Amino acid sequence: MSEQPENLLLLSRTPLFDLAVELKARLTPFAGWEMPVQYSGIGAEHQAVRTSAGMFDISHMGKFVVRGKNLIAQLQRLVPSDLSRLQPGQAQYTVLLNPNAGIIDDIIFYYQGETGTGEQWGFIIVNAATTEKDKRWLLSHLEPAKIDFQNISSSKVLIAVQGPKAVSYVQPLVKEDLTSVKPFGHLEATVLNQPAFIARTGYTGEDGFEIMVDPEVGIELWRSLHQAGVIPCGLGARDTLRLEAAMALYGQDIDDTTTPLEAGLNWLVHLDTKGEFIGRSVLEKQKAAGVKRRLVGLRMQGRNIARHSYPVLYQGEIVGEVTSGTLSPTLGYPVALAYVSTELATVKQPIEVEIRGKVYPGVVVKKPFYKRSR
């Protein structure tokens with residue numbers, strides 16, 4: 001037997017996999033999973049999310065339930081963001097840091113509030129490729145006697161419905177009023193007469209919801225949304241959408257060698273309002289001295305696409321590296337994210353990118369490349 005089929009046999013599949021096959025999706029390996037990369041085509045799916053609504057199977061992402069009487073205090077030590085500000089029903093996008101302030105993963109913590117026994121609890125959603133790594137890190141830094149940790153990754157379906165018309169498509173299937181849910185708000189809800197968790201979050205730069213349900217409910221929900229007119233979308237459109245919105249992809253734009261200050265995630269670092277946390281001393285030094293490199297947005301001239309790992313040059317010298325790049329379907333020109341030396345990280349700064357042995361011009365531009373009208 002060839003090596004490729006053996007590798008495919010090792011890939012996991014979400015409970016919605018058969019629906020992707022049914023819709024003749026093109027499949028690809030991703031972070032240990034066999035996932036749809038596209039259904040009707042990346043361009044059409046991208047356009048659907050920007051103008052109406054599209055849906056993504058993101059059940060491969062890691063899902064943890066954490067609970068304990070001092071949960072917030074314990075999580076505070078692991079992230080640079082001040083979680084004590086969260087009210088029940090609010091969420092915080094943040095990062096887990098190693099002692100060098102490198103990003104172990106970017107996560108969302110959804111705070112649910114306190115139980116009747118005074119325990120604080122919530123959900124943590126993490127990247128698929130880092131689920132086991134994150135689990136080990138959290139369990140090694142949370143006090144096991146005080147915190148109950150559950151990995152529910154394989155027992156729940158997660159569907160993202162994204163786009164300006166997301167509310168109108170999702171609301172008929174939900175008992176609760178979704179118009180009252182603010183961005184990064186969430187609630188326990190009733191979907192198709194079954195319990196669900198719904199958050200007004202996403203990874204596309206558009207309005208939308210991420211809905212967590214049991215697998216059988218997820219299958220019914222996917223079919224109901226598709227029948228109503230929501231366009232199924234794959235990883236290809238998810239990548240072009242998030243890149244237009246300048247949202248970082250873990251493993252490309254951020255990793256355990258980059259700090260949040262270098263990655264332009266300064267808004268996650270709350271040095272003035274919280275106490276000690278892993279990596280704090282490094283971030284304090286970086287803030288005082290300034291970072292040596294920054295993640296910037298690039299616009300390339302013509303149709304020249306700067307892709308991951310391509311060198312960035314200035315006056316013939318390599319000054320950085322591209323982390324993500326694509327031809328923006330919405331804007332019609334190539335955009336990219338890249339780390340460059342700080343002195344070049346200013347808007348309108350001309351740079352060049354080496355593409356297959358040739359050098360092409362570009363310019364540093366403001367992020368995000370695309371911002372939805374509100």
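This is a predicted model: local features need pLDDT of at least 70, side-chain atom pairs count only at pLDDT 80 or more; totals for chains, interfaces and linings use all residues.

**Strand β9 and beyond**

A: Strand β9 pairs with strand β12 (residues 208-213) in the antiparallel sense, over 6 bridges.

Look for Met 55, whose bridge partner in β9 is Val 161.

Now check how enclosed the strand is. Which residues point which way from β9? Val 157, Ile 159 and Val 161 point one way. Leu 158, Ala 160 and Gln 162 point the other way. The residues on both sides are buried.

Follow β3 onward next. The loop between β3 and β4 (62-68) holds His 60. Is His 60 buried or exposed? His 60 has a relative accessible area of 5%, so it counts as buried. Leave out residues up to four places away in sequence, and His 60 touches Thr 14, Phe 30, Trp 33, Met 35 and Ala 128.

Turn to the charged side chains. Side chains of opposite charge can pair when their charged atoms come close. The structure holds 11 salt bridges. One of them joins the side chains of Arg 50 and Glu 244, at 2.9 Å from N to O. This pair links distant parts of the chain. Arg 50 sits in helix α3 (residues 42-51) and Glu 244 in helix α8 (residues 235-244), 194 residues apart. Both Arg 50 and Glu 244 are buried. Glu 206 comes in here too: Arg 50, Glu 206 and Glu 244 are linked in a network of salt bridges.

Glu 284 forms a salt bridge with Arg 280, and their closest N and O atoms are 2.8 Å apart. Both residues lie in helix α9 (residues 280-289). They are 4 residues apart, about one turn of the helix. Their surroundings can be read from accessibility. Arg 280 has a relative accessible area of 12%, so it is buried. Glu 284 has 37%, so it is partly exposed.

Compare the pair Glu 143 and Lys 146, whose side chains meet in a salt bridge of 3.4 Å, N to O. Glu 143 counts as partly exposed because its relative accessibility is 31%. Lys 146 also counts as partly exposed because its relative accessibility is 46%.

Rolling a probe the size of a water molecule over the atoms shows where empty space is left. The second largest pocket has a volume of about 320 Å³. It is lined by 21 residues, and the closest to its centre are Leu 261, Gly 264, Asn 266, Arg 294 and Leu 295. Which elements each supply at least two residues of this lining? They are α9, β14 (293-300) and β19 (358-365). The largest share, 4 residues, comes from β14. By type, the lining residues divide into 10 nonpolar, 6 polar and 5 charged.

Technical notes: Residues are numbered from 1 along each chain as its sequence is written. Side-chain values use heavy atoms; hydrogens and water are left out. A salt bridge is a side-chain nitrogen of Lys or Arg within 4 Å of a carboxyl oxygen of Asp or Glu. Buried means under 20% relative accessible area, exposed over 50%, partly exposed in between (1.4 Å probe, protein chains only). On a 1 Å grid over the protein atoms alone, a cavity is a set of points where a 1.4 Å probe fits but cannot get out, and a pocket is an open set with protein on both sides within 12 Å along at least five of seven lines; lining residues have an atom within 4 Å of a point. Grid points are joined across faces, edges and corners, and a volume is the space filled by probe spheres set on the points. Ala, Val, Leu, Ile, Met, Phe, Trp, Tyr, Cys and Pro count as nonpolar, Asp, Glu, Lys and Arg as charged, and the others, Gly among them, as polar. Two strands pair if DSSP finds at least two bridges between them. Contact means heavy atoms within 4.5 Å.
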